[in-house]
Amino acid sequence: MINPLPLVIADIRHTRTGVIALILLIAIAVALGVAVSAQERALRTGGNKAADPFDLLVGAPGSQTQLLMSTVYLQPAAVDLIDGSILQAMSQQAGIHYAAPLAFGDSYQGYPVVGTTAQFVSLDGQRTLTEGRLFQSMTEAVIGADVKLALQDRLQARHGQIALDELDADEDDELLHRQITYTVVGRLPRLGSPWDRAIMVPVEAIWRTHGLSTGHRENETLSIQASRQGHKLDWSALKIGPPWDAEHIPGVPAIVIKPVSVRDAYVLRNYYRRHDATTAFFPAEVLLELYALLGDARFLFASMAVATQVLVLGAMLLAVFAALALRRRQLGVLRALGASRSYLFAAIWSYTVIVITLGAALGLALGWLTALLLSSWVGNTTGLLLPVSLGTKEFLMVAALIGIGFLLALIPSITAYRHSVASLLRA
């Protein structure tokens, strides 16, 4: 049989505007499905990685999802406080390697300022700083990888998650903490989470700037002495970090527990989940619920993408049938000149398959690019790193579409094959 590709290529060149339109329609339909699938996997991967440092979260009874969003993803929200005595009890409880409080509510130029312990910042030595060292006094801070500050820079925090350019002049004095000026002494490596935009300070500093006790009896004694003597209190001389004194610990929004073992993790979760004043959960538990909702949305979008792809393939077949109807006489001339039924069958099938394959391949690339752009936007907005990649699922999706296209291409090809020379010339 004579090679039909020269005829197919010539026909594509002759109708290149229509062919390009068909390829783009198929590409857009495929790109939608690929982008949804790749983006969902990126969200799962990025979300799980961001939650890795939070083995067990303890908070006040209420919404676990809200607590997760506030602690792991640093989304501003009003969170009920846990009584400080619970934090002190954790420091002496069996099965706990460390219990780190988290305190929120302040910011500097749009960066959230989080109060915690140096032990949590370094994950008890498992995380190495890229610059400097951990904070060692109430006036020092460690910054995330994306905070636009340098070592030895100084800053003062504001009440609330408010960007600098959003403040009025009258609000400045009210919102600015005048009591403590922090000095940047260290920088964390890139974590791929919203904590890359965080400024971490001792939790005692957050307590103090809100007019609360610092959790240490000796700090309160020094503060009273300085006030009586009329001296300025030396913040850097105050004690930070555990152990705290139960009667001097303010309430905290959340506590991160590092269990000694997996068994201890479940024992502690069950204990603080049954406690009247607390709730406890593994971040993965809440993430699974969120992913279930995300999966429902993904199924909806995937179904829409499949429906779109079916409609596009149907539209393409109609276009092929319309083209065949307009060229019946030309096909008859080809048959009269000696072209076999098999030649016409192969030419029409090849034409349809080439268009579908090019559209699907372009759609795969467009879907990957769309997912990259979405991940970049989410990363810039939230600080969450979403690693986009094309996996087996996306390739199988495109391969299935091409396979279906190969089968559907048989319909117009068989139709042309069955026509005789006379019937084609009578058109």
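**View 1. L74 in the loop between α3 (64–71) and α4****.** In this predicted model, local features need pLDDT of at least 70, side-chain atom pairs count only at pLDDT 80 or more, and totals for chains, interfaces and linings use all residues. Residues are numbered from 1 along each chain as its sequence is written, and side-chain values use heavy atoms, with hydrogens and water left out. Helices (H or I, at least four residues) and strands (E, at least two) are DSSP runs numbered from the N terminus. L74 has a positive phi of about 55° although it is not a glycine, and with a relative accessibility of 10% it counts as buried (under 20% relative accessible area; exposed is over 50% and partly exposed lies in between, with a 1.4 Å probe and protein chains only).

**View 2. D124 in the loop between α5 (118–121) and β4 (131–132)****.** The phi of D124, a residue other than glycine, is also positive, near 55°. D124 is partly exposed, its relative accessible area being 35%.

View 3. Q88 counts as buried, at 15% relative accessibility.

**View 4. The cis peptide bond between P242 and P243****.** Omega of this bond is about 0°, and P243 lies in the loop between α8 (217–229) and β10.

**View 5. Strand β10 (residues 254–259) with its partners β1 and β2****.** Five of the six residues of β10 are buried, so the strand is largely enclosed by the rest of the structure. Strands pair if DSSP finds at least two bridges between them; four bridges join β1 (residues 56–59) to β10 in the antiparallel sense, with G59 opposite A254. Strand β2 (residues 96–108) is likewise antiparallel to β10, over six bridges, and here Y98 stands opposite K258.

**View 6. A nonpolar surface patch of about 610 Å²****.** The patch is made by I20, L24, L362, L366, W368, L369 and L373; patch residues have over 30% relative accessible area and no salt bridge, with nonpolar side chains (Val, Leu, Ile, Met, Phe, Trp, Tyr) joined within 5 Å and like charges within 9 Å. A salt bridge is a side-chain nitrogen of Lys or Arg within 4 Å of a carboxyl oxygen of Asp or Glu, and accessible areas come from the Shrake-Rupley method with a 1.4 Å probe, only the protein chains shown counting as cover for residues. Helices α2 (16–51) and α12 (341–382) each supply at least two residues of the patch, and the largest share, five residues, comes from α12. W368, found in α12, is partly exposed at 37% relative accessible area.
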